[in-house]
Amino acid sequence: MPDLDFPHPHCIQVQACQQDIDDLGHVNNAVYVRWITDCAWSHSNALGVDMQVYRQLDRAMAMTRHEIDYLAPALAGDMLEVATWIREYDERLTMARRFQIVRPVDGVTLLRARTTFACIELSSGKARRMPPEFKTAYGRAFGEQSAG
């Protein structure tokens, strides 16, 4: 496993495909956003908070802000590890994930990001307090990923 910024990550693997490559010859910035979004969803699903639960509760964790540092390019064919951690959690309305994308073959970190989420009511789009199911699932992950 490559050197990661924090212990106990949730990880997915992705491969940079030819359609991910832009005119500069490397993975387009928008693709990285898709990958960190996919990683966040994978983690939520693993915690038992999937789209079906969101619909049942009429609540969702919506992305409100991305801060991304692009550190090195990914090229077509690169196998990458996308890691996430819940590093901030107010137990009411917001949480923030950190992300790191690493190329395991050489251990190079290609990206670091921080994404903020707010709990919203799906039917209105308005900010609402997290339901107990979110507090339990995301709170458990926050505790595990903040330890160590």
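Biologist: How many disulfides does the structure hold?

Modeller: It holds 0 disulfides. A disulfide needs a pair of cysteine sulfur atoms within 2.5 Å. This is a predicted model, in which local features need pLDDT of at least 70 and side-chain atom pairs count only at pLDDT 80 or more, while totals for chains, interfaces and linings use all residues. Residues are numbered from 1 along each chain as its sequence is written, and side-chain values use heavy atoms, with hydrogens and water left out.

Biologist: What rules out a bond for C39?

Modeller: Its closest cysteine sulfur belongs to C11, 6.7 Å away, and that is too far for a bond.

Biologist: Why is C39 called buried?

Modeller: Because its relative accessible area is 0%. Buried means under 20% relative accessible area, exposed means over 50%, and partly exposed lies in between (1.4 Å probe, protein chains only).

Biologist: What makes C17 partly exposed?

Modeller: Its relative accessibility is 32%, so C17 counts as partly exposed.

Biologist: Why does L47 count as buried?

Modeller: L47 has 15% relative accessibility, so it counts as buried.

Biologist: Where is L47 placed?

Modeller: In the loop between α1 (29-46) and α2 (51-57). Helices (H or I, at least four residues) and strands (E, at least two) are DSSP runs, numbered from the N terminus.

Biologist: Which residues is L47 in contact with, leaving aside its neighbours within four places in sequence?

Modeller: A137, Y138, R140 and A141. Contact means heavy atoms within 4.5 Å. L47 and A141 are 94 residues apart along the chain, yet their C-alpha atoms are separated by 7.8 Å.

Biologist: What share of the chain's contacts with a separation of 6 or more comes from residues 24 or more positions apart?

Modeller: Such residues account for 71% of them.

Biologist: In what order do the elements run from the N terminus on?

Modeller: The order is β-α-α-β-β-β-β-α, giving 3 helices and 5 strands.

Biologist: Why is the chain called as compact as a globular protein of that length?

Modeller: Its radius of gyration is 16 Å, close to the 15 Å that the globule rule gives for 148 residues, so the chain is as compact as a globular protein of that length. The radius is taken over C-alpha atoms, and the rule is 2.2 Å times the number of residues to the power 0.38.
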